[in-house]
Amino acid sequence: MQGEADREIHASTTDITDGQEWTNINIDSGDAGNKRHITHVQWGARSDGTAAGTWMAVGKQNTAKIYRSVDGGANWSDIDLSSLSGHSSGNNNAHYIQGIASDGAGKWMFAQQDRIYYSQDDGATWLVGTPFAGNKPPGRNQGIVFTNNSWVIAYSRLSRVRFRSCSASDVLDWSDEVDTPSNNMTSPSNNSTNVKIAAANGNVVACSENDRSVQRFTVNGKTIGTVSSVEYAANDSANGTCKGLATDGTKWVLCCTKGDLYESSDDGASWTQRLDAFEIDGSNARDLAGITADVFLPL
């Protein structure tokens, strides 16, 4: 999660309900001016079965670095990406890494512009490829997920969100670009927003932070099924917009601004509001900023 200049990561004990304060972690003391924007933190099982697994943290690319922990998040090392061909760094929105995913067996992936970054050794080292060159290369990356032996990326191009997928067996052979129905998934507008994406058993659900609808489809390698758009809430000022999306493989939960929470039991085909205008002080609805499920990914 994003923190301040000297506490970018916050870690809890294994029981987050024990009432103990979380530990603030400075992941890179040599990068104080530029490291404040960690946008995504992800855990993945280690290829050798080590219980601690691997944590990866990504975000702003001012200094072309991502971060890795192999001891449960207590200590972090930086991984310099500047030597990889074509890597972009700076303050531009396109330079942010807006998602990272693991296959649950030691392989990791994230996207940036028209490039795919891939690790086969638990995130320790990275390779880069440009599988989209000359074929409508993506613009700003928005999210990534792994399910059903398939990688799926969401990205913005021409102010709309699009999708591509590939089989786990060939990470440089991707599907053609897939649009949402009537191109109706609005691209998030800045580096503080992105596309929330969750997947289980080959079902993928995605939601832009700018919209009050989700896009859902199935994936199998390079094959993306028909994308359908489903409103989880009426598109009016009384309802919040998506800030988090998660699934345990059975239930899908979407949390929003204005303290709203919605649940689906049919892979995102229909949604029921479970929380309306969550309050702490009894008078002001609080934005819900994120949500996760108590399961190991990927599903």
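Contact is defined here as heavy atoms within 4.5 Å. The structure is a predicted model, in which local features need pLDDT of at least 70 and side-chain atom pairs count only at pLDDT 80 or more, while totals for chains, interfaces and linings use all residues. Residues are numbered from 1 along each chain as its sequence is written, and side-chain values use heavy atoms, with hydrogens and water left out.

The protein has zero helices and 23 strands, where helices (H or I, at least four residues) and strands (E, at least two) are DSSP runs numbered from the N terminus. Of the contacts between residues at least 6 apart in sequence, 47% join residues at least 24 apart. The accessible surface comes to about 13200 Å², as given by the Shrake-Rupley method with a 1.4 Å probe, with only the protein chains shown counting as cover for residues. Carbon and sulfur atoms account for 44% of this surface. Buried residues make up 48% of the 299 residues; buried means under 20% relative accessible area, exposed over 50%, and partly exposed in between (1.4 Å probe, protein chains only).

Salt bridges were assigned where a side-chain nitrogen of Lys or Arg lies within 4 Å of a carboxyl oxygen of Asp or Glu. Side chains of opposite charge can pair when their charged atoms come close. By this rule the protein has 10 salt bridges. One of them joins Asp78 and Lys65, with the closest N and O atoms 3.9 Å apart. Because Asp78 is in strand S6 (residues 77-80) and Lys65 in strand S5 (residues 65-69), this pair ties together parts 13 residues apart in sequence. Asp78 is partly exposed, at 36% relative accessibility.

A salt bridge is also formed by Glu209 and Lys243, whose closest N and O atoms are 2.7 Å apart. Glu209 is located in the loop between strand S16 (203-208) and strand S17 (213-220), and Lys243 in strand S20 (residues 242-247), so the pair ties together parts 34 residues apart in sequence. Glu209 is buried at 6% relative accessibility, whereas Lys243 is partly exposed at 23%. In a further salt bridge, the side chains of Lys251 and Glu263 meet at an N to O distance of 3.5 Å. Lys251 belongs to the loop between S20 and strand S21 (252-256) and Glu263 to strand S22 (residues 261-264), so parts 12 residues apart in sequence are tied together by the pair. Lys251 is partly exposed, with a relative accessible area of 35%, and Glu263 is buried, with 18%.

Arg157, Arg162, Glu177 and Asp179 are linked in a network of salt bridges. The side chain of Arg162 makes a polar contact of 3.5 Å with the side chain of Glu177. A polar contact is a pair of N or O atoms within 3.5 Å; within protein, one must be able to donate a hydrogen and the other to accept it, and residues adjacent in sequence count only if both atoms are side-chain atoms. With residues up to four places away in sequence not counted, Arg162 touches Ile153, Ala154, Tyr155, Arg157, Glu177, Val178 and Asp179.

The structure holds eight aromatic pairs. Rings of Phe, Tyr and Trp (its six-membered ring) pair if their centres lie within 6.5 Å; planes under 30 degrees apart count as stacked, over 60 as edge-to-face and the rest as tilted. The pair of Trp43 and Phe296 is tilted because the ring centres are 5.1 Å apart and the planes stand at 35°. Trp43 lies in strand S3 (residues 38-44) and Phe296 in the segment after S23, so the pair ties together parts 253 residues apart in sequence. Trp43 is buried at 18% relative accessibility, and Phe296 is exposed at 63%. Phe132 and Trp174 form an edge-to-face pair, with ring centres 5.6 Å apart and planes at 70°. This pair links distant parts of the chain, 42 residues apart: Phe132 is in the loop between strand S10 (127-129) and strand S11 (140-147), and Trp174 in the loop between strand S13 (160-167) and strand S14 (178-179). Phe132 is buried at 1% relative accessibility, and Trp174 is buried at 7%. Ring pairs also link Phe110, Tyr117 and Trp126 into a cluster.
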